[in-house]
Structures are given as structure tokens and as C-alpha cells.
Amino acid sequence: PRKINARVSARNLRESKKMNSSEENTPITSDHMTEEQATTSHEVTSKVVDYLTEFSGINPGDLDVAVSSKHLTTLKATYLKLLYLLEVGVKFVGHGLKKDFRVINILIPPENVLDTVELFYLPKHRLISLRFLAWYFLGIRIQEDTHDSSEDARTALQLYHRYQELESEKKLTESLHRLYETGRNYNWVIPDKGEVSH
């Protein structure tokens with residue numbers, strides 16, 4: 001059977017505009033999960049061959065019940081939490097969520113999904129990475145050392161707010177055209193810190 005080790009983070013969209021920056025940086029959930037419930041730290045760590053930290057954000061020890069500072073849970077418990085959030089009408093904001101939901105085998109109705117990979121997209125053009133969007137629209141650099149699902153959740157929410165601003169100012173289409181032009185100029189690689197952004 002397929003083993004799943006993953007990290008899921010969620011933030012409060014409804015209240016985020018009323019929060020100060022330290023509150024907005026606190027996720028409503030940030031679960032580290034494994035498909036099977038382990039009874040000892042050895043059972044978890046002995047099953048993991050490679051944490052793929054660069055992509056998963058999971059480090060050795062994160063899934064060890066004896067030493068982890070993370071909230072450890074099972075895949076089933078996380079499913080139930082996601083289903084509850086769906087039932088109470090939560091909108092899921094993120095980047096590339098369709099793929100994430102497919103990987104964990106859960107169906108979320110499109111009307112409950114606000115996906116920045118689709119919001120910041122021009123038809124017949126390439127999809128743009130969260131990292132590039134964060135640099136371009138927010139002036140921040142993410143995923144510099146490793147992948148962090150909490151950082152991704154926070155960044156996607158900030159991008160969603162930026163999307164709302166651009167749409168209300170009727171500048172979205174113009175901004176997207178400039179985004180794609182900048183991306184092509186930089187070959188979709190974020191320039192070094194010393195270079196001018198855009």
C-alpha cells in the first residue's frame with residue numbers, strides 16, 4: 001500500500017483582513033501526517049526512506065512522536081478535518097490545489113476553491129509558480145531553503161488579497177500582461193537580490 005507523509009496548513013480567510021501580522025502568521029491548522037497511526041517513534045522513522053525535505057518541508061524528527069514539536073496526526077484525521085471545513089462552507093485558498101487534492105484523494109467543489117495558480121493566469125499561457133508570483137506581486141522571496149506548507153498557505157492568502165485589490169482597481173488584466181512580460185524577460189527565474197525586480 002502507498003504510504004503518505006505530508007504536511008497540511010490552513011489559514012483563516014474570513015478573518016485575515018482584521019488580523020495583525022502576527023495573528024495572520026498563525027495557521028488555524030498545521031498538521032504533519034502519516035497514513036498509518038504509529039504507536040512508537042521507531043515505527044514512523046523506520047518506514048521513511050527519504051523525507052524529500054526540499055519538497056515536503058518535513059525534516060528528520062518531525063514525525064517522531066518522542067521528539068517532534070509538530071502536531072502529529074493521521075491521514076484519516078486530516079481528511080475528517082478537511083471534510084468538516086468543507087461542510088461549514090470554508091473556501092480553500094492555495095496554489096495548485098487541484099493537484100494537492102488529487103494526491104490526497106479528496107474532491108472539493110470548484111466553488112469552494114480559490115487557487116492562485118488559476119487567478120494569476122492568462123489563457124493559453126504558462127502556469128506560474130507560487131515563488132515567482134510572491135516575488136513579483138508581494139516583493140518577497142519564499143522557498144529559499146526548503147518547502148514550507150505554512151509559508152505557502154500564508155503567501156497564497158496574501159496573493160489572493162492582492163488579486164482582490166487588482167480586480168477592484170480594474171488593473172488585473174494589465175498586471176497579468178506585465179507579469180508575463182517580466183517572466184519572459186527573466187526566463188521565469190527570480191533574479192539575484194541585487195537586481196531590480198520589475
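The model is a predicted one. The chain has nine helices and five strands. Two totals for the chain before that. It has 198 residues, and 41% of them count as buried. If we take the contacts between residues at least 6 apart in sequence, 58% of those join residues at least 24 apart.

Let me start with helix α8, residues 149-168. How does the span of α8 compare with what 1.5 Å a residue would give? The helix has 20 residues, so it should span 28 Å, and its end C-alpha atoms are 29 Å apart, which agrees. Just after α8 comes K170, which takes a positive phi of about 60°.

Next, what α8 packs against. Helices α7 and α8 have their axes 10 Å apart and meet at an angle of about 50°. An angle between 35 and 65 degrees counts as oblique, and α7 and α8 are therefore oblique to each other. Their crossing is left-handed. On the α7 side the contact is made by L130, L133, A134, F137 and L138. On the α8 side the residues are D152, T155, A156, Q158, L159, R162 and L166. As a reminder, an α-helix has 3.6 residues a turn, so residues three or four places apart point the same way.

T155 sits in helix α8. Is T155 buried or exposed? Its relative accessible area is 2%, under the 20% cut-off, so T155 is buried. Setting aside neighbours within four places in sequence, T155 touches L130, A134, L138, I140 and I142.

Now the aromatic rings. A pair of aromatic rings is described by the distance of the centres and the angle of the planes. How many aromatic pairs are there? The count comes to 10 aromatic pairs. Take W135 and Y186: the ring centres are 5.7 Å apart and the planes are at 85°, over the 60 degrees required, so this pair is edge-to-face. The pair links distant parts of the chain, since W135 lies in helix α7 (residues 130-138) and Y186 in the segment after α9 (172-185), 51 residues apart. W135 is buried, with a relative accessible area of 5%, while Y186 is partly exposed at 24%.

Y180 and W188 form another edge-to-face pair, with 5.7 Å from centre to centre and 80° between the planes. Both Y180 and W188 are buried. Ring pairs join these residues into a cluster, whose members are F120, F132, W135, Y136, F137, Y160, Y163, Y180, Y186 and W188.

Last, H125, which brings us back to Y180. H125 is in the loop between α6 (116-119) and α7. With a relative accessibility of 34%, H125 counts as partly exposed. Which residues does H125 contact, leaving aside its neighbours within four places in sequence? They are Y180 and R184. H125 and Y180 are 55 residues apart in sequence, and their C-alpha atoms are 8.4 Å apart in space.

Key. Residues numbered from 1 in each chain as written. Predicted model: local features only at pLDDT ≥ 70, side-chain atom pairs only at ≥ 80, totals over all residues. Heavy atoms only, no water. Helix = DSSP H or I, 4+ residues; strand = E, 2+ residues; numbered from the N terminus. Expected span 1.5 Å × (residues − 1). Phe/Tyr/Trp six-rings, centres within 6.5 Å; stacked < 30°, edge-to-face > 60°. Buried < 20%, exposed > 50% of the residue type's maximum accessible area, 1.4 Å probe, protein only. Axes fitted to C-alpha atoms, helices over the stretch in contact; angles between N-to-C directions. Parallel < 35°, antiparallel > 145°, perpendicular 65-115°, else oblique. Left-handed = near helix turned anticlockwise from the far one by under 90°. Contact = heavy atoms within 4.5 Å.
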